[in-house]
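Subject: Structure handover

Hello,

I am passing on the structure we talked about.

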Amino acid sequence: MESNIKIIKLIISIISAAACLLLCQQLIFNSMANQQNKQDFAEIRHIKYGLFSINEWKRQLAVIIADEITKLNLSHSNELELKKHVELQLDGLIDNVEAEIRKSNKGTVSGWMKQSVINAVVDMKDIKAGIPSYADAIIAQMTEVKTEKILKAAMAKRVKEYFDKTFEKQDLTQLDRILARTATADIDTARIKLEDDIEKNQAQIFRYTWLLIVIAALQFFICGFGKRVLPPPQYLLLLLTLAALLVAGVATPMIDMEAKISSLKFTLLDHLISFENQVLYFQTKSILDVFWIMITHEELQMKVVGILMVLFSVVFPILKMLSSLFYYYNFHSARANAWIQFFVLKSGKWSMTDVLIVAIFMAYFGFNGIITSQFGNLKMTSQEVVILTTNGTSLQPGFYMFLAYTMLGLFLSGFLTRVLPEPLAHQRKDANTEAEPAGLMTV
């Protein structure tokens, strides 16, 4: 009966370990693809292409001005006001003409004769008395459909000339790359495609993450029954499961940091000017990504921090798993080795994995709080302007898998302190004749 239970547990462990390895591979592949999609999505929504872009402002203003020119009507509500303006201009024009004629005829005999004839024949009061009729004739000509079209075309042409002289030179290399990668013709289509892909992949990644953690936890739970030491196959399978969690944890993003203006709206000439989802800052990084950024930084302090981070989050866990393997098989009397004992039984006190997890939590809540607080000062809702800000900072699957690895690693160390098989027990007694390692059971 006991042997049947061992076989069943072994079969379950084999299936579980294989499933964990497969899920690890899928998680890394999908996370890397989704990470690229997120970065591209943030790039095409960046504020430099929207609110901070002269070209975007010009595009929106051009539509408004073109619409206003199209709606311009000289024959209705503004006709009286226009007539007053035309009459005023005609009155001034007649006075200017009279003054110019008198000036040109002054000082010569022929000029004096011309002016005398004009004074005798032309009465400026009579000419000015006809100003209202002149204005009506001019307005009638202006309000003809053909004339309105000519005026609107001339205004539109002039506005276009002004806009052609107003532009901003932008580096669109990244946008062209995104369009090529997504096989789309324009930014709006690329945005829709990327958003849809991200939503689908993110849901699948989290499903794989929880499934991996649950399978790994169940495997450790099943292997935890009993007080005897684990059989070698089961122990190796647990190590493979831990390795899958560790690799997936450090190779996939742990945290997404995003700060954006989700909406900025105001009204100009009864037209809505709107900027949506203007990204100010976005980062999605795994431990390995952050390490590479730090190690390639020109400042020495950044290199040191990067080395320490990868040392305690990658190298230290690997050494711990290798040491537990040597300890289990007592390879070359490994159980008596002080370094092996430290990594297997005492390293929990010195391991920085808990510090790393706390640091990520602090970064998450700290960044979340700072962005929320600062963006709160930008939020505004009034009849003139509406500004809505969003903080999109969130923990990602890599964090949860690394946390699961850390917790399950503690159980693995506990499994090693169980009663050893008889042949190994004699070796253990011989190795511990002079000094019994702390934390180990006496057999």
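The notes below go from the whole chain to the core, the strands and the charged residues.

Please keep in mind that this is a predicted model. The chain has 16 helices and 5 strands. Of its 443 residues, 37% count as buried. Among contacts with a separation of 6 or more, 76% are between residues 24 or more positions apart. The accessible surface is about 26200 Å², and carbon and sulfur atoms make up 66% of that.

Core

The largest nonpolar core holds 45 residues, and the members that touch the most others are Leu212, Leu245 and Leu412. Two or more residues each come from α1 (2-44), α9 (187-223), α10 (232-251), β1 (255-268), α12 (300-329), α13 (338-350) and α15 (397-415). The largest share, 9 residues, is given by α10. Leaving out residues up to four places away in sequence, Leu212 touches Cys20, Leu23, Leu27, Leu245, Ala248 and Met401. Another core, of 8 residues, lies apart from the largest one and includes Leu51, Ile261, Leu264 and Phe275.

Beyond residues up to four places away in sequence, Ile307 touches Phe291 and Ile295.

Strands

In β1, 11 of the 14 residues are buried, so this strand is largely enclosed by the rest of the structure. Strand β1 pairs with β2 (residues 271-285) in the antiparallel sense, over 13 bridges. Within this pairing, Met257 has Gln283 as its bridge partner. The two strands form a hairpin with 2 residues between them, and Leu269 in the turn has a positive phi of about 55 degrees. Strand β1 also pairs with β5 (residues 394-395), again in the antiparallel sense, over 2 bridges. There, Ile255 stands opposite Leu395.

Charged residues

Lys38 is found in helix α1. Its relative accessibility is 11%, under the 20% cut-off, so Lys38 counts as buried. The side chains of Lys38 and Asp256 are joined by a polar contact of 2.6 Å. Apart from neighbours within four places in sequence, Lys38 is in contact with Ile198, Gln202, Asp256, Phe282, Thr284 and Gln396.

The whole structure has 7 salt bridges. In one of them, Arg177 pairs with Asp40, with the closest N and O atoms 2.8 Å apart. Arg177 is in helix α8 (residues 173-182) and Asp40 in helix α1, so this pair ties together parts that are 137 residues apart in sequence. Arg181 also forms a salt bridge with Asp40, at 2.7 Å between the closest N and O atoms. Arg181 is in α8 too, so the second pair ties together parts that are 141 residues apart in sequence. Asp40 is buried, with a relative accessible area of 1%, whereas Arg177 is partly exposed at 34% and Arg181 is partly exposed at 38%.

Another salt bridge joins Arg191 and Asp188, with the closest N and O atoms 2.7 Å apart. These two residues are 3 residues apart in helix α9, which means they are separated by about one helical turn. Arg191 is partly exposed at 25% relative accessibility, and Asp188 is partly exposed at 49%.

Regards

Terms used:
Residues are numbered from 1 along each chain as its sequence is written. This is a predicted model: local features need pLDDT of at least 70, side-chain atom pairs count only at pLDDT 80 or more; totals for chains, interfaces and linings use all residues. Side-chain values use heavy atoms; hydrogens and water are left out. A nonpolar core is a set of buried Ala, Val, Leu, Ile, Met, Phe, Trp, Tyr and Cys residues joined through side-chain atoms within 4.5 Å. Buried means under 20% relative accessible area, exposed over 50%, partly exposed in between (1.4 Å probe, protein chains only). Helices (H or I, at least four residues) and strands (E, at least two) are DSSP runs, numbered from the N terminus. Contact means heavy atoms within 4.5 Å. Two strands pair if DSSP finds at least two bridges between them. A polar contact is a pair of N or O atoms within 3.5 Å; within protein, one must be able to donate a hydrogen and the other to accept it, and residues adjacent in sequence count only if both atoms are side-chain atoms. Accessible areas come from the Shrake-Rupley method with a 1.4 Å probe; for residues, only the protein chains shown count as cover. A salt bridge is a side-chain nitrogen of Lys or Arg within 4 Å of a carboxyl oxygen of Asp or Glu.
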